[in-house]
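Look at the model below and keep it in view while reading. The text goes through it one part at a time.

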Amino acid sequence: MKRQIPLIIVITLGFLFVAHTFIPSKASVDFYDWWVSWAKAISPFAVVLGILSLFMVHGTKIQRKAPNWQYSVVTLLALVVTAVSGFAWGTNEGTPFLWLFQNVQMPMSATMFSLLAFYIASAAYKAFRAKSPQATVLLIAAFIVMMGQVPIGAAISKWIPETAQWILNVPNLAAKRGIATGVGLGMTATSLKILLGIERTYLGSD
Amino acid sequence: MNIFQRMQNIDRRWIYLVVALCIIIPLLIPFNSKTYVTDPSSNLYQKIDSFAGKEDKAVLLSFSHDASTMAELFPMEVSILRHCFERNIKVFTICFSPPSAPLMAYALNVAKEDYPNSQSGVDYCNFGYKPYGLFLPIVLGMGDDVAEAVQTDADGRKIKNLEIMNGIRNYDDLNLIVDFAASAAVFSWITYARVRFGANVAAGVTAVMAADNYPYLQSGQLVGMLSGLKGAAEYEKLVDVFAAYEDADNPNGRKYSPEVIKDTWVPIMSKKISYDSSQGNIDTDVPLPYKFKMARIGMNAQSIAHIMIIVFIILGNIGYFTTRKKPDETI
């Protein structure tokens with residue numbers, strides 16, 4: 001029953017949504033409205049579940065003094081302090097919540113993302129080699145696109161941004177469209193397998 | 001060990017130091033550089049501008065990113081909001097992830113500082129954060145009735161009672177959605193709002209995500225796109241040259257013209273907007289604060305960083321080919 005009930009729910013609702021999309025009728029619209037109200041009710045439970053799960057995982061780590069348990073203390077403290085400041089004083093301009101966001105989270109997130117520039121430069125120097133004709137084509141395309149994206153490229157020659165745009169509009173687009181078509185077909189096949197009960201890995205291993 | 005072998009084994013901390021200097025110096029000492037506007041940016045500008053002064057047309061800005069990608073996305077958000085305030089275009093904002101909510105409020109606060117007459121609930125409205133579980137019900141629901149789908153704004157006011165909702169019912173009126181993302185979030189808007197209801201969708205994305213969107217631009221499913229800091233810089237220039245332009249004949253901005261944008265550039269070092277073109281130089285009294293030129297200043301650092309990476313690649317390849325083991329000729 002543990003596997004059969006979720007399977008019945010997925011298959012029944014899956015086919016009902018397919019019917020809703022392809023068979024326009026009053027019953028189909030009523031079904032959709034019913035689902036919207038259910039979806040609104042389910043979301044708050046997911047938030048509570050997420051917070052409980054976070055407390056359980058990190059609480060256990062702290063209790064057992066697992067390696068790097070101190071980081072778990074910081075995580076839980078950050079969660080509590082941010083949530084309390086939001087509930088107590090609101091989230092508008094001038095509140096502690098927005099101060100925390102602008103002065104702690106924003107710089108920390110930006111710092112993490114900006115590290116990419118250092119790694120890209122280092123990787124470009126150490127690993128981007130013209131070892132084969134394909135790698136050479138990639139290298140030349142990268143040069144043109146990089147120069148085409150910045151004002152200095154256009155200042156050198158108007159052909160640089162135009163060629164960069166052509167690379168994005170033609171070869172890049174062709175490759176992306178091919179990939180997208182493949183992904184779309186794959187998604188359709190997987191969805192059909194789920195609807196027909198052939199694909200069951202989402203139910204877990206129990 | 002010769003110089004090429006040394007180059008191959010250079011400590012990567014030297015590379016990090018060069019990267020840091022190449023990015024920090026142009027940000028601290030900005031210089032004038034020309035911004036060339038591409039079609040995806042100008043198409044988005046024209047679409048938004050076509051809503052100017054219309055009671056029954058509005059733009060919805062969807063914030064789908066966190067603070068890590070602010071450097072690229074925040075300037076484009078501020079530019080589009082500035083365009084809307086400047087040209088009296090109704091604008092709504094919404095987000096479906098908690099970290100985006102303060103960013104949305106921050107962008108609105110930064111842009112509206114210079115437009116004290118723009119009022120919340122009248123000229124703009126922040127729908128606020130909605131849980132991601134409600135994404136589909138809200139996106140699909142707005143196809144029928146925006147006020148019914150969203151219910152309340154960020155301040156808890158009933159949407160249907162707000163003055164801004166006069167003439168705005170569904171995607172026929174809320175006719176353009178611009179999604180700012182560092183992910184493939186815009187595809188959901190294309191799938192549900194564009195395909196099902198015919199809403200116009202545009203994207204403001206980080207540069208690494210831009211390549212993924214070109215098929216949708218070509219098919220017309222995206223009406224425009226701002227690509228990374230370059231896209232933001234282009235939009236800043238478009239707003240300066242057209243929406244924020246003021247003279248005796250055009251007191252509320254001027255109409256878009258491909259010839260004018262190609263011929264004109266705005267020196268970013270001056271504190272007031274000035275226009276340089278083949279017709280000569282025009283100095284205005286319209287202020288150009290840092291927040292309205294931050295993408296163009298950032299593009300200076302990006303220019304230097306791109307050149308530095310190209311130099312690194314060339315040096316790396318020279319080192320590789322000169323130190324590569326030659327075939328043993330004795331065999």
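A salt bridge is a side-chain nitrogen of Lys or Arg within 4 Å of a carboxyl oxygen of Asp or Glu. B:E55 and B:K90 meet in such a bridge, at 3.9 Å from N to O. B:E55 lies in the loop between helix 3 (39-49) and strand 1 (58-64) of chain B, and B:K90 lies in strand 2 of chain B, so the pair ties together parts that are 35 residues apart in sequence. Helices (H or I, at least four residues) and strands (E, at least two) are DSSP runs, numbered from the N terminus.

This is a predicted model, in which local features need pLDDT of at least 70 and side-chain atom pairs count only at pLDDT 80 or more, while totals for chains, interfaces and linings use all residues. Residues are numbered from 1 along each chain as its sequence is written, chains are lettered from A and ligands numbered from 1 in the order in which they are written, and side-chain values use heavy atoms, with hydrogens and water left out.

The two partners differ in burial (buried means under 20% relative accessible area, exposed over 50%, partly exposed in between; 1.4 Å probe, protein chains only). B:E55 is partly exposed at 46%, whereas B:K90 is buried at 8%.

Strand 2 (residues 90-95) of chain B pairs with strand 3 of chain B in the parallel sense over five bridges; two strands pair if DSSP finds at least two bridges between them. Of the six residues of strand 3 (residues 124-129), five are buried, so this strand is largely enclosed by the rest of the structure.

Chain A has a salt bridge between A:K26 and A:D30, with the closest N and O atoms 2.8 Å apart. These residues are four apart in helix 2 of chain A, which means that about one helical turn separates them. A:K26 is exposed at 61% relative accessibility, and A:D30 is partly exposed at 38%.

How do the chains meet? In contact (heavy atoms within 4.5 Å) are 48 residues of chain A and 58 residues of chain B. The area buried between them is about 4,700 Å², of which carbon and sulfur atoms give 69%. Buried area is the accessible area (1.4 Å probe) that two parts lose on being put together, summed over both. The count between chain A and chain B is one salt bridge: A:K176 with B:D212, the closest N and O atoms being 2.5 Å apart.
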